[in-house]
Amino acid sequence: MTRARLNARLNARLNTGRNADPIALEVVRNALSSIADEMALVIMRTAYSSIVRDSMDYSTGLCDRHGEAVAHGLTMALHLGSFPDGMKALIAGYGDDTNPGDIFVFNDPYTAGGMHLPDVYIVKPLFYGGELEGYAATLVHQIDMGGIAPGSTAVYATEIFQEGLRIPVLKMYEAGRPNETFFRLMHANTRVPDKLAGDMRAQVAACNTAERAYGGLLERYGSETFRTILADLHDYAEAVTRREIAALPDGQWSFIDYLDGLGDDPEPIPLKVTVTIDGGRMIVDWAGTSPEVPGAINCPSPFVKSAVQLIVKCIADGEIPNFEGFARAIDIRLPEGTIVNPRPPAACAARAIVGWRAIDVLLGAFAQIVPDRIPAAGEGGVTFPAISGMHRGRQFVLSETLAGSWGAMPDRDGTFGIPNPGGNLTNQPAEMIEALHPLEIEGYGMVENSGGPGRFRGAPAYRRQYRVRAPGGVQMVMRSDRRRILPYGLDGGCPGTPSWNIVNPGPGQRTEPVMPMEAVRLADGEVFCHIGAGGAGQGDPLERDPALVAEDIAEERITADYAAAVYGVVLGAAGAVDAQATDAARAELRKARGKGDDPAPAYLQMFQDSLGLPDFRLEGERRMVYAEKEGD
Amino acid sequence: MSRSQSGWRLGVDIGGTFTDLVLAAPDGGLHTHKLLSTPDDYGRGIRDGVAALLGRQGIEPAAVDRVVHGTTVATNAVLEGKGALTGLVTTKGFRDVLEMRRLRIPEMYTLNYRRSEPLVPRRLRLEADERVGPEGQVWRPLDAASVEAAAERLAAAGVEAVAVCLLHAYANPDHERRVAAILRDRLGDDVFLTCSSDLLPVIREYERTSTTVINAYLGPVIRGYLGRLREHLDGIGVTAPILVMKSDGGIMSAAAAAEKPAYIVESGPAAGVIGAAHAGARDGIADCITLDMGGTTAKASIVEAGEVARTGDYEVGAGINLSSKLVMGGGHALKLPVIDISEIGAGGGSLVRIDAGGLVRVGPDSAGAVPGPVAYGQGGTEPTFCDAVLTLGWLNPDYLVGGGLAIDAGAAAQAVAERIAAVLGRDVLDAAHGILEVACGTMMRAVKAVSTYRGRDPRDFALFAFGGNGPVVAAAIADLLEMTTVVVPPNPGVFSAYGLLLSDVEQEAARSHLVLLSETGPAALDALYRELETGLAADMAAEGYAAGDYALRRLAELRYEGQAHELAVPVPAGPDGLPDIAAMAAAFGAEHERTYGHRADAVAVESVTLRAVATVAVDKPAPKPKPGGANAGGARPAFFGAAAGRPNVPVVPREALTAAPRGGPLIVEEYDATCVVPPGWTARLDAAQNIVLEKGGVA
């Protein structure tokens with residue numbers, strides 16, 4: 001079909017397929033998203049655990065009476081597609097047994113459409129005039145659901161039975177009455193029953209908030225018109241999405257990227273995607289992705305679907321509304337038994353790492369389709385340490401979501417200190433951590449001489465350093481990545497710098513794997529340092545504007561010797577660029593290129609030297625792409 | 001020192017476009033003046049306007065005994081990056097806190113977000129080798145040499161201001177004081193210094209650092225600005241003290257504002273809300289939601305029992321605050337009390353467009369002052385909200401009321417017809433009305449953000465509308481939220497300048513106190529409050545107030561143990577005069593339930609921040625009643641939706657209204673604003689000259 005015909009068809013659909021008033025559609029759309037935001041505010045302000053209240057690892061949404069999403073609060077992007085599977089399971093199980101005052105709860109990936117056990121869904125059906133008209137849905141990463149390690153996110157579980165309490169779809173309230181069996185069972189299966197109860201209360205309160213506001217909309221429009229409006233908004237979202245897809249060139253593109261792997265001797269784990277654009281339709285096929293692995297990073301499908309949907313929204317020219325109708329235009333294929341669609345009882349507690357990498361893989365594919373909109377790879381997603389121990393006679397768990405280094409865009413440097421596009425998460429104040437836990441944050445900031453060089457460079461790496469101030473020591477479950485398989489550069493830009501987990505940095509330091517297959521024990525006074533991967537670059541570093549290099553030196557992001565070795569930029573006496581010396585230095589660096597295999601480019605070697613880790617091994621690392629330009 | 005309060009008082013409100021002046025006579029009579037602002041030196045415009053107004057009224061400059069000023073100079077300095085060259089000294093290891101902020105950004109699904117630059121570049125963010133723990137214990141002593149080295153570098157860079165923010169300085173300010181002393185020694189007296197422990201001794205390093213930096217960054221600018229304003233006023237013989245509106249709605253002396261300019265960042269929008277709170281309380285409208293709609297944005301805020309709502313979660317330089325506090329991260333955190341104002345990018349100049357999917361959108365892009373709406377005939381071709389309302393017949397079709405600007409309603413209607421109605425396949429009036437509905441639906445979000453988002457039912461409140469466009473849309477927005485009362489005060493177009501004259505002098509002090517209420521005692525809390533009050537007394541003495549001149553209030557910001565967000569409650573005294581801790585916990589539980597719909601009495605309540613506030617009540621001009629019932633006005637056809645059609649609607653001045661409700665549709669046209677009374681609403685004039693619109697009232 002030609003583009004013009006497709007557009008004509010879409011327009012026809014927009015103009016004739018719609019029964020409701022376009023004004024009412026816009027008003028209702030705004031109203032629904034404001035309700036979802038209102039729900040999110042209730043949870044943010046009333047939650048008890050740090051991962052919810054400070055890291056904001058939760059989501060809120062509204063679904064129509066068929067369980068299809070019609071709004072998603074401004075919270076966690078990677079939860080975008082997290083409600084549909086759970087809603088299907090709920091309706092399949094309780095379609096005939098849903099009554100006013102009921103509230104459902106579930107978390108199980110294999111029977112309830114959940115993602116991993118800490119993500120607890122609480123959903124309230126919304127009635128008007130005795131009829132089911134929709135659902136208020138919330139999803140909160142609960143701090144502990146029992147299982148093999150505090151925080152319930154151990155990488156080293158091999159079966160879901162080790163990971164905590166599985167909750168199939170259940171009623172936690174039935175016709176307004178609490179299900180005491182559920183609450184007692186819950187209380188007995190977590191390390192922090194008070195926080196869990198508090199956070200669940202926050203979820204219920206958010207649902208109740210939505211109930212009032214959603215009822216107000218029904219009151220205003222009446223049930224019949226309201227249902228028509230929602231149906232039309234799904235069509236609208238689909239039409240907008242199809243138009244965005246149709247604006248992309250037709251064709252097929254693949255990209256493959258890897259997770260470093262598990263434990264002390266990791267094997268790279270491939271994720272592969274093939275994106276097909278065919279008019280107004282998009283197929284996203286994950287064939288070629290690794291089979292399930294014997295560690296807790298298998299990723300139940302809702303999270304990968306979310307990654308696809310969020311990237312489509314990211315690359316869209318205009319705004320795609322959060323109506324599930326938009327998903328109709330995207331055919332997502334997830335082969336069963338792979339790490340992106342595991343079978344029971346595969347463990348999945350630390351599965352988010354697959355979601356983060358799926359984002360990188362998708363961006364790598366789209367960089368071939370719309371290169372002007374795509375950044376080089378960033379830090380690779382959130383590093384997730386869960387530190388636990390005893391404090392003032394009580395058990396504590398501190399989970400953090402660390403991120404903040406983007407890859408370069410085609411027209412500017414990667415941004416430092418903003419969240420990964422997959423999750424709009426926050427960091428936690430060091431002062432608050434220290435006030436509540438027996439830990440000192442020794443430093444949080446930029447690592448100098450880090451990140452991937454390029455005409456536009458990746459953002460520098462961040463460092464977060466903890467000192468244990470607990471007489472009994474602490475243990476830490478660690479999920480990180482991107483040490484041996486670096487964030488990829490684009491258009492000749494260099495890969496980013498590797499991530500590290502260092503215990504007692506300095507003389508006598510030791511390193512821990514990216515994903516240790518057991519808890520790391522740290523004694524009182526010991527220091528743990530995490531360095532995130534630095535963002536990758538775009539374009540040849542020797543084409544970087546020397547003035548930008550001089551600015552990086554002035555801002556102390558890089559040192560003068562690094563600038564000379566990596567960018568061939570030489571400064572004169574007053575800190576200004578010495579153009580002549582720079583030209584000469586760049587000519588030398590160009591000449592040196594392609595002369596055999598340079599196992600460690602200067603930027604990586606200087607970065608490693610600064611950490612006292614001069615010997616390191618990269619695997620599956622992409623070739624320095626600028627070498628390919630030799631023939632130009 | 002007690003001040004004479006019997007003379008003339010002058011409110012001066014400057015915005016980007018206009019400078020508004022309100023002069024209150026000793027008997028309460030009001031005289032207003034509006035002129036174009038002079039952004040190169042705002043003080044010059046103020047001087048000229050004041051001279052003109054005094055001259056017009058025949059008032060001696062010396063008869064003015066107070067000038068109250070609301071200004072956007074501080075906000076603009078941040079937005080435009082025109083603050084001082086500022087350095088920061090912080091704890092070793094935390095140099096980048098200011099740049100990393102809390103990570104979170106106000107947009108989702110974007111690969112193209114551009115964050116505003118930190119106010120201090122990395123090269124001027126330097127580290128002191130020291131470390132204090134959360135209880136104020138010294139984990140590592142201050143290494144003076146590291147500070148001296150930092151001072152050396154800052155001196156070489158020629159900084160005009162330095163912020164000092166060390167970790168846990170709220171618990172132990174000793175290291176900060178020593179750092180400041182070394183800096184003062186090396187940098188001299190001209191450099192503006194701010195310590196976090198003086199400005200904002202509360203926990204959370206990013207928010208405290210950012211606030212301290214904002215204060216330093218603004219210090220030299222505001223000092224210069226207020227100094228020049230003083231000279232300009234002295235030059236025309238107005239020697240009355242200048243007081244400045246703070247973001248929280250109190251007023252402080254110019255000297256205090258120059259020392260703590262971070263307090264006046266939201267000075268501009270605060271005045272209108274304060275005005276509504278005081279005027280509302282005086283006129284029997286103690287619970288209201290304010291709606292201030294101007295050319296580019298609509299702002300809403302809530303007033304309960306005459307008290308404005310304040311928030312400690314604020315950002316400057318974030319652009320428009322679209323949806324309450326979920327979308328933080330766009331600007332620089334300012335952790336000082338600010339009136340909780342929610343803003344939406346919908347104003348008179350907002351552009352109306354049809355999006356890719358065929359839906360009508362209003363704003364947030366604006367036609368601005370140039371080219372402005374199509375009707376202005378200055379080259380605008382895209383229809384704006386203002387053009388749509390003109391098309392409906394709601395505004396005067398020949399000239400902008402009071403502005404003397406001729407307008408072309410025909411061109412406006414044509415743009416709406418061609419650009420919107422034709423695409424939608426609708427009649428032009430129908431399309432224009434649709435635009436109004438969408439805009440009101442968007443603005444409703446600002447109203448919801450300060451009401452339903454905080455657990456308040458808007459139906460319990462009156463909508464208090466001002467600004468150039470507020471009274472145009474107020475009833476339409478009220479309808480959407482089932483609010484049944486709208487109040488339009490006199491002089492709605494310069495209401496903010498009037499609000500300045502209704503403010504009390506206020507100073508506050510706060511400190512972190514992270515403790516479970518069950519683990520502290522009344523005496524311990526009382527001692528901490530006394531410490532705060534001693535500091536306040538010194539501040540007030542410096543302003544010329546003796547202990548008897550002001551009232552003290554104690555507030556506590558509390559949460560359930562483990563929560564991250566606090567609610568502020570008053571601290572009642574028990575029979576022994578000490579804080580009544582049980583009553584505090586009960587008040588918190590009630591507030592939590594009211595705001596979030598649930599309480600958890602089994603969970604321990606934790607104190608996070610203690611605040612003390614000193615208030616000097618100023619006497620406020622009471623409006624002078626004017627006779628109503630004037631005979632005047634005409635009529636024009638105006639469209640109110642398909643059901644109501646396009647009746648010929650009477651157009652009258654405010655003076656034509658009386659205490660007897662008059663049924664809509666009706667248009668009240670004044671020199672600075674237009675008030676639209678739709679069908680189904682009535683309008684009357686109350687004793688204070690407010691227009692009161694009531695839904696379903698009996699005419």
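This is a predicted model: local features need pLDDT of at least 70, side-chain atom pairs count only at pLDDT 80 or more; totals for chains, interfaces and linings use all residues.
Mentor: Start with burial. A residue is buried if 20 or more other C-beta atoms lie within 10 Å of its own, exposed if 12 or fewer, and partly exposed in between, with C-beta atoms placed from the backbone. Helices (H or I, at least four residues) and strands (E, at least two) are DSSP runs, numbered from the N terminus. With that, α8(A) is mostly covered: 18 of its 24 residues are buried.

Trainee: How many helices and strands does chain A have?
Mentor: 15 helices and 20 strands. Its radius of gyration is 25 Å, close to the 26 Å that the globule rule gives for 632 residues, so chain A is as compact as a globular protein of that length. The radius is taken over C-alpha atoms, and the rule is 2.2 Å times the number of residues to the power 0.38. In chain A, 61% of the 632 residues count as buried.

Trainee: And its domains?
Mentor: Chain A is divided into domain 1 (3-240) and domain 2 (375-539). Such bounds come from an automatic or database domain assignment. The C-alpha centres of these two domains of chain A lie 31 Å apart. Across them, 21 residues of domain 1 of chain A are in contact with 21 residues of domain 2 of chain A. Contact means C-beta atoms, placed from the backbone, within 7 Å.

Trainee: How many residues does each chain give to the contact between A and B?
Mentor: Chain A gives 69 residues and chain B gives 62. On the side of chain A that touches chain B, α2(A) gives the most, with 15 residues. That side has 35 nonpolar, 17 polar and 17 charged residues. Ala, Val, Leu, Ile, Met, Phe, Trp, Tyr, Cys and Pro count as nonpolar, Asp, Glu, Lys and Arg as charged, and the others, Gly among them, as polar.

Trainee: Now chain B. How many helices and strands?
Mentor: 16 helices and 35 strands. Chain B has domain 1 (78-223), domain 2 (350-439) and domain 3 (506-616). The centres of domain 2 of chain B and domain 3 of chain B are 50 Å apart, taken over C-alpha atoms. Of the 699 residues of chain B, 58% count as buried.

Trainee: Pick one residue. Is Cys386(B) buried or exposed?
Mentor: Cys386(B) is buried, because 28 other C-beta atoms lie within 10 Å. Cys386(B) lies in helix α10 (residues 385-392) of chain B.

Trainee: Which residues is Cys386(B) in contact with, beyond four places in sequence?
Mentor: Gly348(B), Gly349(B), Pro373(B) and Ala375(B). The C-alpha atoms of Cys386(B) and Ala412(B), 26 residues apart along the chain, are separated by 8.5 Å.

Trainee: And Ile435(B), what does that touch?
Mentor: Leaving out residues up to four places away in sequence, Ile435(B) touches several residues, including Val352(B), Phe385(B) and Ala388(B).

Notes. Residues are numbered from 1 along each chain as its sequence is written. Chains are lettered from A and ligands numbered from 1 in the order in which they are written. Two residues are in contact if their C-beta atoms, placed from the backbone, lie within 7 Å.
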